[in-house]
Amino acid sequence: ETGALSNRPPRSPLTPTSRQANKIDARPLFPVMFSWEGGGRDVSVSGSFNNWQEKIELRASREDFSTIVDLPEGQHQYKYYIDGRWIHNSKEALVSDNFGGRNNIMEVKRSDYDFNEAIDVDIAQGYQSVGGFRHDS
């Protein structure tokens, strides 16, 4: 299922100024997967993480389109660009863009990528690792 269609470029209150973008670039980056399952021929993504300036192509597979983008920690608004139209994914978190539209939103947290902290969370939730695979205890 797809969201609203628009030909206008998305806007976001999270779009950094060029000065802010330079500060963001100095922070550690974390790999984030973007996936689109709503069909199309040409699929890309753009967002506040690149000041909506670049459309990053998603590669087609049998079931979806996807790509990995390295992003800094924090909240990021984004939208998919499908066959020449901006579309949000209604299956992913949404937020008003404060300009009458809607964007998808995500939060990148360092703790999601910290191996030791992830193990602590798994232990607290009762998971055990056996042969590299997790299962409930």
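Student: How many residues lie between E5 and E6 in the hairpin they form?

Tutor: Please note at the outset that this is a predicted model. As a general idea, the strands of a sheet pair through backbone hydrogen bonds, in either a parallel or an antiparallel manner. In this case, four residues separate E5 from E6 in their hairpin. The two strands run antiparallel and are joined by two bridges. Arg-59, for example, has Ser-66 in E6 as its bridge partner.

Student: In what order do the strands of the open sheet stand?

Tutor: The order is E2-E6-E5, three strands with antiparallel pairing. Strand E2 (29–36) and strand E5 (59–60) are the edge strands, each pairing on one side only.

Student: How many bridges join E2 to E6?

Tutor: Eight bridges connect E2 with strand E6 (residues 65–72), and these strands run antiparallel. Two positions may be followed in the model: Trp-36 has Phe-65 in E6 as its bridge partner, and Val-32 stands opposite Val-69 in E6.

Student: Which side chains meet in a salt bridge?

Tutor: In general, side chains of opposite charge can pair when their charged atoms come close. Here the side chains are those of Glu-37 and Lys-91, at 3.9 Å from N to O. This pair links distant parts of the chain, 54 residues apart: Glu-37 is in the loop between E2 and strand E3 (43–47), whereas Lys-91 is in the loop between strand E8 (85–87) and strand E9 (94–96). Both Glu-37 and Lys-91 are exposed. The count of salt bridges comes to one.

Student: Is Asp-97 buried or exposed?

Tutor: The cut-off for a buried residue is a relative accessible area under 20%. Asp-97 counts as buried because its relative accessibility is 0%. Asp-97 is located in the loop between E9 and strand E10 (102–108).

Student: Which backbone nitrogen does the side chain of Asp-97 reach at 3.3 Å?

Tutor: That nitrogen belongs to Gly-100.

Student: Which residues form a nonpolar patch on the surface?

Tutor: The patch consists of Phe-115, Ile-119 and Ile-123, which together have about 330 Å² of accessible area. Phe-115 is placed in helix H2 (residues 115–124).

Student: Why does Phe-115 count as exposed?

Tutor: The term applies to a relative accessible area over 50%. Phe-115 is exposed because its relative accessible area is 62%.

How values were computed:
Residues are numbered from 1 along each chain as its sequence is written. This is a predicted model: local features need pLDDT of at least 70, side-chain atom pairs count only at pLDDT 80 or more; totals for chains, interfaces and linings use all residues. Side-chain values use heavy atoms; hydrogens and water are left out. Patches are made of residues with over 30% relative accessible area and no salt bridge: like charges are joined within 9 Å, nonpolar side chains (Val, Leu, Ile, Met, Phe, Trp, Tyr) within 5 Å. Accessible areas come from the Shrake-Rupley method with a 1.4 Å probe; for residues, only the protein chains shown count as cover. A salt bridge is a side-chain nitrogen of Lys or Arg within 4 Å of a carboxyl oxygen of Asp or Glu. Buried means under 20% relative accessible area, exposed over 50%, partly exposed in between (1.4 Å probe, protein chains only). Two strands pair if DSSP finds at least two bridges between them. A polar contact is a pair of N or O atoms within 3.5 Å; within protein, one must be able to donate a hydrogen and the other to accept it, and residues adjacent in sequence count only if both atoms are side-chain atoms.
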